[in-house]
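Please open the model in your viewer and keep the sequence panel beside it. The stops below say what to select and what is there.

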Amino acid sequence: MEKEGELHESSTPCLYLVSAFLACEPPDFVVSFARDFGGGSITERVQSFIWNVCIKKSDVKCNLPYLKRFLKKLIVEIESNGDVVLDELYEKYIYCLASVKDDELAKGSTRMLRRFSFLFPKDCSQPSSCQIFRKLEVTLQCSLNMLEGDTGCSIWPSGLFLSEFILSFPEVFLDKSCLEVGSGVGLVGVCLAQTNCSKVILTDGDLSTLANMKLNLELNQLGTDILGHTQRNNTLQCLYLPWESAAENELREFMPDIVLGADVIYDPLCLPHLVRVLAILLKREDLNVSHLNNGCKDSYPPDRRCFESEETSSAEKEKLLVSDITETMKPLDLLPYVKSYQRSNVRMFKISYLHK
C-alpha cells in the first residue's frame, strides 16, 4: 500500500500526471497534466511516458471503461495539435473499443480500482513552496456511480478532506480509540490506521458496502505508519451498524474517544437516528475530553451553536454542540492533483455533547 522515498522537485509534473491517472481523475484533468509535463504539448516523449509508466505498469484490466475514455481524449488532443500518436496508444484504444461496450459506459455500474497518493510536503511552514518528498498510496475498489444506488462505494469530497485532516494532524488521534459512522469505502479507516490511535472501528449500515470496505482493507496492507515506522498493534474492526435499530447498550460498549463521519447523510429521514447515535456515543462521563477545541470547555465562540433534535421513538431531546473548525484547523493539501475535488466547498464541524 505504501511507497516512500525521495521525490525531487523536478519530478513533480510527472508525479501529478501518474497520480491523477491512477486515481482515475476525469480524463480532461489527466490530459491537462500531460500537456503541462510536455511544456504545452503532448510530445512523443510524454506519450512514451504515459504508455510505459501509466498504462503498462499499472493494472488497468478492471479499469478498461476509464482507460477507453482517457485514451479517446488523449488521442483527440494529440491529433488536434497536429502531432503524431504512438502506435501503442492506438492499438490499446482499439482493444478497449472491442472490450468495452458503450452501454457499459452509460450504465456506469462497473466498479474500478482507484489509487490515491497522498503527497507529503517537505517543509510544512511554507506550503506554497513545499517540495514533495514522500507519499502514501491507498488503493480502493469503488464506483463512479454516485447517485444510482451505489453511494456507499463511491469517493466523496468530504471523505477526501477528512482523510487529509487525519494525515495532517496525526497527534489528534494519538492513543485514542476512533469510531467512524458511515465508513463507505474505508478510506478514512485506512488513514486512521496510519496514525498511532489505539483502536479503529469502522461501521456502516449497508451490508454490500461493508463487504466492499473489508475488501479495500485487505487491498491496503497496514504494515507501517505514515512515518515509515513499524505500526503498533492497534485493533481495526468493521461492524454492521444500522442507526435506526442500534440499541443504546450496544453503542455504549464502544466508548470511543473520537467519532468521525463524512458524507453520511443522503436521506433526511435518517437524520434523527444519526443524532441519537451520536448523542449516545459522545456522552462521556469525563467532561475534560476535548481533542479539537484547544482545551476550551466553558466558553462557546460565535461559530458554535446548540443543535437539538427530538427522536420520535423516545421523545427525548439530544443536545449537541456544533463548532465550525474549517478555518481554524486547515489540513495540508495532500491531493494537489485531484482537480475534481474542490476543497473550498467542504466544511468541517466538531460536534460535542452538551453536558448539563
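**Stop one: a helix residue and its neighbours**

Select Phe49, which sits in helix α3 (residues 44-56); helices are DSSP runs of H or I with at least four residues, strands are runs of E with at least two, and both are numbered from the N terminus. This is a predicted model, in which local features need pLDDT of at least 70, side-chain atom pairs count only at pLDDT 80 or more, and totals for chains, interfaces and linings use all residues. Residues are numbered from 1 along each chain as its sequence is written, and side-chain values use heavy atoms, with hydrogens and water left out.

Leaving aside residues up to four places away in sequence, Phe49 touches Cys14, Leu17, Val18, Phe37 and Cys54, where contact means heavy atoms within 4.5 Å. The C-alpha atoms of Phe49 and Leu17 are separated by 9.9 Å, although the two residues are 32 apart along the chain.

**Stop two: the faces of α5**

Next, select helix α5 (residues 87-99) and colour Leu89, Lys92, Tyr93 and Cys96, which are buried, meaning under 20% relative accessible area, with exposed over 50% and partly exposed in between (1.4 Å probe, protein chains only). Seen down the axis of α5, the buried residues fall within an arc of 100 degrees, so they line one face of the helix; the arc is that of the directions from the helix axis to the C-beta atoms. Their cover includes α3 and α4 (64-80), while Asp87, Glu91, Ile94 and Ala98, on the other side of α5, are exposed.

**Stop three: the sheet**

Finally, select the open sheet of four strands, whose order is β5-β4-β3-β6 with parallel pairing; two strands pair if DSSP finds at least two bridges between them. Because β5 (235-240) and β6 (258-261) stand at the edges with a single partner strand each, one side of each is left without a neighbour in the sheet.
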